[in-house]
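Please look through the sequence and the model shown here, and then follow the explanation below from one residue to the next.

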Amino acid sequence: MRVKICGLRDRAGLDGAVAAGAAYAGFVFFPPSPRCIGWEEAAALGAAAPPGLCKVGLVVDPDDATLDRLAALPLDMIQLHGAETPERAAAIRARLGLPVMKAVGVSCPDDLAALDLWERVADQILCDAKPPKSATRPGGMGEPFDWGLIAGRRWRRPWLLAGGLTPENVAEAVARTGAAQVDVSSGVESAPGVKDPARIAAFCAAARRQPSAQATAR
């Protein structure tokens, strides 16, 4: 089981993720989010991350100026969380020389076709809860989607389950979906944008409690 702790903003959160054995550390570069981090702060945290921890930069419909800022950071992967097209994703991968993870919002069966499309384009896909049309952010809403929509589905690319996961529900989510990777942000916070090391540890432990079908298949 590989865990991604997203929305890290300080050393306490990073250290908590490392101590809990997280595989990915996510940094959000989207100002409307309470988890947005500054460029200098991200550079410092990225430099402090131990070898082997995959550092992921989350952006929403980034322009070329934003990509230039990302290029200066010690990142290992880019997460696209907006309305990017496959062509734009390919251009971003080529420009930065980094693998691309694409977040796809899921709320009903009609959304599953987008997962199949992005599997052919992105290096990893992230199955997230689709926000309501009135939302000001494309993710990080703390609400899960119907896990039954993807139960038993398999993709050739690595994928992560996200959306409303917490230490209390992640074991059930893994059991129902067969996910081998999970992503969490608000579910391990004591307040918006404030990561709680104790909840990070509890989440990682709970995620590993339930063996995934994906991992078993390997």
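F203 is buried, with a relative accessible area of 0%, where buried means under 20% relative accessible area, exposed means over 50% and partly exposed lies in between, computed with a 1.4 Å probe on protein chains only. This is a predicted model, in which local features need pLDDT of at least 70 and side-chain atom pairs count only at pLDDT 80 or more, while totals for chains, interfaces and linings use all residues. Residues are numbered from 1 along each chain as its sequence is written, and side-chain values use heavy atoms, with hydrogens and water left out.

The place of F203 is in helix α7, residues 197-209; helices (H or I, at least four residues) and strands (E, at least two) are DSSP runs that are numbered from the N terminus. Leaving aside neighbours within four places in sequence, F203 is in contact with V3, L165, T166, P167, V170, V182, V184 and V188, contact being defined as heavy atoms within 4.5 Å. The C-alpha atoms of F203 and A171 are separated by 8.9 Å, although these two residues are 32 residues apart along the chain.

When residues up to four places away in sequence are not counted, N169 touches W147 and G164.

We can now turn to the pairs of charged side chains. The structure holds 15 salt bridges, each being a side-chain nitrogen of Lys or Arg within 4 Å of a carboxyl oxygen of Asp or Glu. In one of them the side chains of D183 and K4 meet at 2.5 Å, N to O. D183 lies in strand β8 (residues 181-184) and K4 in strand β1 (residues 2-5), so the pair ties together parts that are 179 residues apart in sequence. Both D183 and K4 are buried.

Another salt bridge joins the side chains of D123 and R93 at 3.1 Å, N to O. This pair links distant parts of the chain, with D123 in the loop between α5 and β6 (124-129) and R93 in helix α4, 30 residues apart. D123 is partly exposed at a relative accessible area of 23%, and R93 likewise counts as partly exposed, at 25% relative accessibility.

D146 forms a salt bridge with R176, the closest N and O atoms being 4.0 Å apart. Since D146 lies in the loop between β6 and β7 and R176 in helix α6, the pair ties together parts that are 30 residues apart in sequence. D146 counts as partly exposed at 44% relative accessibility, and R176 is partly exposed with a relative accessible area of 39%. Elsewhere, salt bridges that share partners join D64, D68, R88 and R95 into one network.

D64, L67, D68, L70 and A71 in α3 meet R88, I92, R95 and L96 in α4. By class, this contact of α3 with α4 has 5 nonpolar, no polar and 4 charged residues, where Ala, Val, Leu, Ile, Met, Phe, Trp, Tyr, Cys and Pro count as nonpolar, Asp, Glu, Lys and Arg as charged, and the others, Gly among them, as polar. Helix α3 (residues 64-71) and helix α4 (residues 86-96) pack at an angle of about 40°, with their axes 10 Å apart; the axes are lines fitted to C-alpha atoms, for helices over the stretch in contact, and angles run from 0 to 180 degrees between N-to-C directions.

Which residues of α4 are buried? They are A89, I92 and L96. These residues cover an arc of only 60° around the axis, which puts them on the same side of α4, the arc being that of the directions from the helix axis to the C-beta atoms. An α-helix has 3.6 residues a turn, so residues three or four places apart point the same way. What covers the buried residues of α4 includes α3, β4 (77-80), β5 (100-106) and α5 (112-119), whereas the face of α4 turned away from its buried side carries the exposed residues E87 and A94. Just after α4, G97 takes a positive phi of about 65°.
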